[in-house]
Amino acid sequence: MLKIYHSQGARSLRVLWLCEEMGVPYETAEASFFKPSDEFKAVNPLRTVPAMKDGDVSMIESVAMMIYIMSKHGPTDLEVRPHEAGYADYLQYLMFGEAGLAAYGNPLVGTRYMAPDDQKQNWTADYLKSAIVKRLQFVADRLGDKPYVAADRFTAADISIAYIATGAKFAGIEGDIPASLMRYIEKLRERPAYVRAAAVK
Ligand SMILES: N[C@@H](CCC(=O)N[C@@H](CS)C(=O)NCC(=O)O)C(=O)O
């Protein structure tokens with residue numbers, strides 16, 4: 001069975017949500033930032049969350065885990081195939097959720113919680129914040145009033161993008177998410193699979 005090293009509010013939410021949508025069984029193990037277990041450190045020496053074990057396989061990238069699970073446990077409509085309209089959007093937003101949005105948040109979170117007081121409001125923090133806000137607006141503009149980012153249906157790309165609303169809380173920029181984008185995310189959060197995944201401690 002998949003073992004997902006999880007911390008509530010971390011990107012492991014993406015992986016749990018996907019498993020819940022697909023009905024793929026998984027177990028979780030605690031992945032604490034502050035007191036990482038020896039087991040977690042062995043699976044992920046970087047100590048970033050999530051990590052995943054599947055037999056001899058171990059992984060440390062949330063979006064790659066989603067692709068792995070869809071390939072191994074699919075077929076699933078959460079994936080868009082190359083012959084389908086929306087394939088390029090699917091790939092783009094699947095990656096953009098991490099590379100274009102959440103990844104910019106890590107140094108912002110680090111600065112907020114760990115930088116000395118006189119360095120919390122530095123040029124780089126302002127730059128990162130404006131980089132995320134600009135990219136959130138890009139997604140909001142492209143999305144318009146559509147319910148999904150790709151292929152006119154709910155896909156893993158929506159899971160990837162929606163995580164930013166959780167990550168933004170830690171970065172202190174929750175209030176900067178454009179209202180239309182937040183409405184799209186709130187709607188996704190009504191899905192029973194999301195509700196179950198978000199409740200996992
Ligand atoms: N690209 C990685 C990022 C993982 C990541 O940075 N996770 C955060 C928690 S959501 C973390 O562990 N941050 C602590 C750190 O960067 O040391 C992924 O998507 O899995």
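**View 1. Where the charges sit.** Lys and Arg count as positive here and Asp and Glu as negative, while His and the chain ends are not counted. Each charge is placed at NZ of Lys, CZ of Arg, CG of Asp or CD of Glu. In the protein chain, the mean positions of the 24 positive and 25 negative charges lie 2 Å apart. This is a predicted model, in which local features need pLDDT of at least 70 and side-chain atom pairs count only at pLDDT 80 or more, while totals for chains, interfaces and linings use all residues. Residues are numbered from 1 along each chain as its sequence is written, and side-chain values use heavy atoms, with hydrogens and water left out.

**View 2. Following the chain.** Welcome to the elements: the protein chain has 8 helices and 4 strands (DSSP runs of H or I, at least four residues, and of E, at least two, numbered from the N terminus). From the N terminus on, their order is β-α-β-α-β-β-α-α-α-α-α-α.

**View 3. Inside the nonpolar core.** The largest nonpolar core holds 58 residues. Such a core is a set of buried (under 20% relative accessible area, 1.4 Å probe, protein chains only) Ala, Val, Leu, Ile, Met, Phe, Trp, Tyr and Cys residues joined through side-chain atoms within 4.5 Å. Trp 17, Met 52, Ile 69 and Leu 181 have the most contacts (heavy atoms within 4.5 Å) inside this core. Among the elements that each supply at least two of its residues are β1 (2-6), α1 (12-22) and α6 (156-171). The largest share, 10 residues, comes from α6.

**View 4. Buried residues.** Of the 201 residues of the protein chain, 48% count as buried.

Key
Buried means under 20% relative accessible area, exposed over 50%, partly exposed in between (1.4 Å probe, protein chains only).
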